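Here's a quick walk through the fold, starting with a sheet and moving on to cores and helix packing. Have the structure open while you read.

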Amino acid sequence: MIVQIGDTWSELNQRFLVAALARVRAALDRHAAAPGETSPAASDSEWPGFAAEVVPPAALSTLSEMLGLSPFERDVLLLAAGPELDAGFAASCASARGDPRLSYPTFGLALAALSGAHWSALSPAGPLRGWRLIELGPGETIVGSPLRIDERVLHYLTGVSYLDEALAALVESVPAPAVLAHSQTRIAELLAATWTRAGGSPPFPLVELCGDALAGKDIIAARACQSLGLRLYVMRASDVPISASDREALTRRWEREMLLGGAALLLDCEDLTDIAGGSPAPAFLSRLHGPVVAATREPFNVPRRPTVLLDVARPSAEEQRSLWRGALGPIATELNGHLDPLVAQFNLDATTIHAATDDVLRASVAMDRVSVGERLWESCRIRARGRLGGLAQRIETSAAWDDLVLPPQQEEMVQQIASHVRQRLRVYEDWGFAAGGGRGLGMSALFAGPSGTGKTLAAEVLASELRLDLYRIDLSQVVSKYIGETEKNLRRVFDAAEESGAILLFDEADALFGKRSEVKDSHDRYANVEVSYLLQRMEAYRGLAILTTNLKSALDLAFMRRLRVVVQFPFPDVGQRAEIWRRSFPAASPVDGLDIGKLARLNVAGGSIRNIAVGAAFLAADAAEPIRMIHVLRAARTEYAKLEKSLTEAEVGGWV
C-alpha cells in the first residue's frame, strides 16, 4: 500500500481495509482454483508491517487488538464484511463453494479457504460471536449458516463512528459542562483519578455517586469523562431488562460500545425504591467491566465488582453566588442586590445559570440594571419548569392582595409566609440558622377552613407576590396502589420543586396527609410508610408547600407539629361578605341598582359569591342589560341548587 504525504487517516484506513479485503478475496479465488488446498489470506508476518503504515492504526487493527482476535478470526470478520463492501465478493464466495447459488460467506467456507483455521472461532463464547461482531443467519448447521457482519461493526471498520442503534433508544448523551461549581469539579477529578488508577483498561471500578438526586451527578460524570476522552451516556435503571438473556445481550453490546466508541455509562438509579430487592440493576452493573457510574441516593452492593463511593451534594449558596458572578461578568457588582434572591429561590446548576444569563444579556443592551435583574428572575422561572409537568398542574396567577378578604389576623399570617420565603437565604445561610442540619428549614403552611373561603386564592396571591410558579399537585397521579410508587412520586414532586423554586399546592390534603392507621395488615403498614416518608420530606423541604383542607381534624397530629404556619380561614361574616361583593364586580362592568348590603345577606362563602357575580354578569349580557338585582337573584338560585341549599326570605327578601 502506497502512503502519500497529506493523506488523512480516513483515506489511509479505507485503503487498508480495501487491501485487506482483497487479500481475503484472493484466498477465496485460490481455493476455488485448488479446492483441496488452503492458502493464507495474509500471513502473520505480513499483517503487522502492513498495519504499521496507518497512523493511528487502522480500525481493523485496533478492533483486532482490543477484542483479542486471532488472525483467523480477523479474516472471518473480513469474509463477513466482504459482500457489504466489495461488489465482486459474492461471486468469489460462490466460485469457492462451487455453486453459483451459494454466494454468501459461511463458517464452513472460512474453515476451508482461510489459513490458521480453528474450531473455537465458532464458539458463542469466542470474540466473534461473544462480542456480536457477526451474526448467523438461518441454516441447518452452524458451518452452513450465512455469516453477516453487525452493522455497527461494519461502519466502525470503515471509519464511521456512531452509537449502536440498539442502544440509542435506551440512552441519552450528556455533554460536558463548560463550568462547574468548585465542589462538583473536585468530585469530577476524583472520579477521573479513580479510573486512571485502573490503568485505562477493564476492569474499571464501579463509581457510585450518592446523595441528593438533583446534585448534578450527570454533569459531574460528563466532566470526568471529558478529561479522559470519553463520551458519557445516561440510561435509566428501570430500562435494564429483567430477563437474564436479554440483560446479557445488552451487557455485551454496551461493553462493545465502550471499546469501539470510547463511551462511558451512567446508570440512573434515583427512582428505584428498592434497588437491593428485585431490581436487575445490580446484576447488570456486576457484568459491566468498562467505565460505569451509578447515580443513586443511597449506596448499594454490586456483587463481584469493586466499588468506589463518592458523596455528591448540591452547590452551596456561596458557590451559586460565585457561578452567577462568573456568568454575569462585569455587571455582577451592579446586580448584587438581585443575586441573593435568585440564589435563595432557585437551585440551578452552572449550565442553567449560564444559559439564563445568556438569554437576558443578549437582549439587555438598552435595559437598566433593575430590568436585567427582573428578566433574570423570569428566565430562571421558565428554565426551571418541566420536571413537575406529569404530576402537577401549573396555575396561572394574577391575584393580588386586594382580591383577598380575610380577618386582620389571618391576613397578617399569610403575609408572614411571604416574608419567610423572601428572607430564607439571609436567615438560614447568612445568619447561620441552617447550621444545625437540614430539618425544618422549609415553609409548610396549612390553610384550613370551609370550601370557598379563599384558601386557594391565598395561595395564588402568594405566588403572584413572590413571582413564583404555583403547582397544584394531582393526587390521583401521586397516590398509587402499588407498593413504593407513592413514595417515588412524592420524591419526584419535592425534588422538582426544590430545583424550580415553585410553590406546591396540595389541595384537599387530608386525602394524602391523613392520620396514620392502626396496623392490621400489610396495606396499613405500607400506607403508614407513605405518610412517614412524606413527613420527612416536608420537614427537609426548603421551599414553600401549601396544603389546603376542609377537615383539619382529619390530619395526622405528627404532621401538624411539623407545619410552620396554620391559617384558619373562617366563614366570612356579613361585613366580609359585603367587601367580597364589592370586589366581585370589576370597574368596567355595568351595574344598576346593586345593593351591597342586601347581597351580603346571602349566607355563602367567597367562592360562591364570585360564582354568583359571574353568573349574573352572563345573564345581564345575554339580555343586553346592566347587571341588576334580578340577575343576581337568578344566579343565586343556580348556585344554591348546586350547593343543595334553599334561598330563605331573610336572605333575599326585598330584593326585587
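In this predicted model, 6 strands line up as an open sheet with mixed pairing, in the order S9-S11-S12-S13-S10-S14. The edge spots go to S9 (392-395) and S14 (565-568), each with a single partner strand, so one side of each has no neighbour in the sheet. On average, neighbouring strands here are turned by 25° against each other, direction ignored.

S14 runs parallel to S10 (residues 443-448), and the two share 4 bridges. Look along that pair and you'll find Leu-446 opposite Val-566 in S14.

Some helices worth a look:

| Helix | Residues | What it packs on or runs across | Angle |
|---|---|---|---|
| H24 | 574-584 | packs with H26 (residues 606-622), axes 10 Å apart | about 35° to H26 |

The H24 and H26 crossing is right-handed. On the H24 side, the contact uses Arg-577, Ile-580, Trp-581 and Ser-584, while H26 brings Gly-606, Ile-609, Arg-610, Ile-612 and Ala-613. By type, the residues in this contact of H24 with H26 split into 5 nonpolar, 2 polar and 2 charged.

Now the cores. Which residues have the most contacts inside the largest nonpolar core? They're Trp-324 and Phe-447, in a core of 52 residues. Helix H19 (residues 455-466) gives the most to this core, with 7 residues. Beyond four places away in sequence, Trp-324 touches residues including Leu-339, Leu-342, Val-343, Ile-353 and Cys-380. Another core, of 41 residues, lies apart from the largest one; Phe-16, Leu-79, Cys-93 and Ala-113 are among its members.

Notes. Residues are numbered from 1 along each chain as its sequence is written. This is a predicted model: local features need pLDDT of at least 70, side-chain atom pairs count only at pLDDT 80 or more; totals for chains, interfaces and linings use all residues. Side-chain values use heavy atoms; hydrogens and water are left out. Axes are lines fitted to C-alpha atoms, for helices over the stretch in contact, and angles run from 0 to 180 degrees between N-to-C directions. A crossing is left-handed if the near helix is turned anticlockwise from the far one by less than a right angle, and right-handed if clockwise. Contact means heavy atoms within 4.5 Å. Ala, Val, Leu, Ile, Met, Phe, Trp, Tyr, Cys and Pro count as nonpolar, Asp, Glu, Lys and Arg as charged, and the others, Gly among them, as polar. A nonpolar core is a set of buried Ala, Val, Leu, Ile, Met, Phe, Trp, Tyr and Cys residues joined through side-chain atoms within 4.5 Å. Buried means under 20% relative accessible area, exposed over 50%, partly exposed in between (1.4 Å probe, protein chains only). Two strands pair if DSSP finds at least two bridges between them.
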